[in-house]
Amino acid sequence: LNSWVVGLPAGLVEPGEDLAVAVDRELREETGYRLCTDVDEPVRLLPQAGFSSTGLTDEAIQIVFAQVEKVGDAQPEESELIAPFQLPLSDVRRFLDENTTLIGTRAQLILEVFAARAER
């Protein structure tokens, strides 16, 4: 795309790796956050994996919502161009309305849900 793209932390689950462990690992690498350790279930899965481009590929994604806490700085791999940022819930609508950087579909849909929630 020759552009920055706003997206959510993402990564692959290694063979035999628990999904929550993979989520924690990717969060730490890409954002400097980790799963909260003081809650019973810091990760909530959507009921089923979704297909990213039905009819073109069988790639499936699993979206999770996580309770997180800051533990340090992001440490992305050398090949990853990542610039993490925080967006307060109260600023999501303004961000969506004024942002000129490309936004990944999943991130845009989730941000729209959060914006609607903040507007209630």
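**View 1. The exposed face of helix H3 in this predicted model.** Thr105, Leu109, Val113, Arg117 and Glu119 are exposed, and they sit on the face of H3 turned away from its buried side. An α-helix has 3.6 residues a turn, so residues three or four places apart point the same way.

**View 2. The buried side of helix H3.** As for length, H3 runs over residues 105-119, and at 1.5 Å a residue its 15 residues should span 21 Å; the end C-alpha atoms are 21 Å apart, which agrees.

View 3. Look for Ser90 in the loop between S7 and helix H2 (92-98). Ser90 is exposed, with a relative accessible area of 64%. Although Ser90 and Glu119 are 29 residues apart in sequence, their C-alpha atoms are 8.3 Å apart in space.

**View 4. Helix H1 and its two ends.** Just after H1 comes Gly32, with a positive phi of about 85°. The 13 residues of H1 (residues 19-31) should span 18 Å at 1.5 Å a residue, and the end C-alpha atoms, 17 Å apart, agree with this.

**View 5. What covers helix H1.** Among the buried residues of H1 are Ala22, Val23, Leu27 and Thr31, as well as the acidic Asp24, Glu26, Glu29 and Glu30. Their cover includes strand S2 (33-35), strand S3 (43-45), strand S6 (64-66) and strand S7 (68-70).

Note on methods:
Residues numbered from 1 in each chain as written. Predicted model: local features only at pLDDT ≥ 70, side-chain atom pairs only at ≥ 80, totals over all residues. Heavy atoms only, no water. Helix = DSSP H or I, 4+ residues; strand = E, 2+ residues; numbered from the N terminus. Expected span 1.5 Å × (residues − 1). Buried < 20%, exposed > 50% of the residue type's maximum accessible area, 1.4 Å probe, protein only. Contact = heavy atoms within 4.5 Å.
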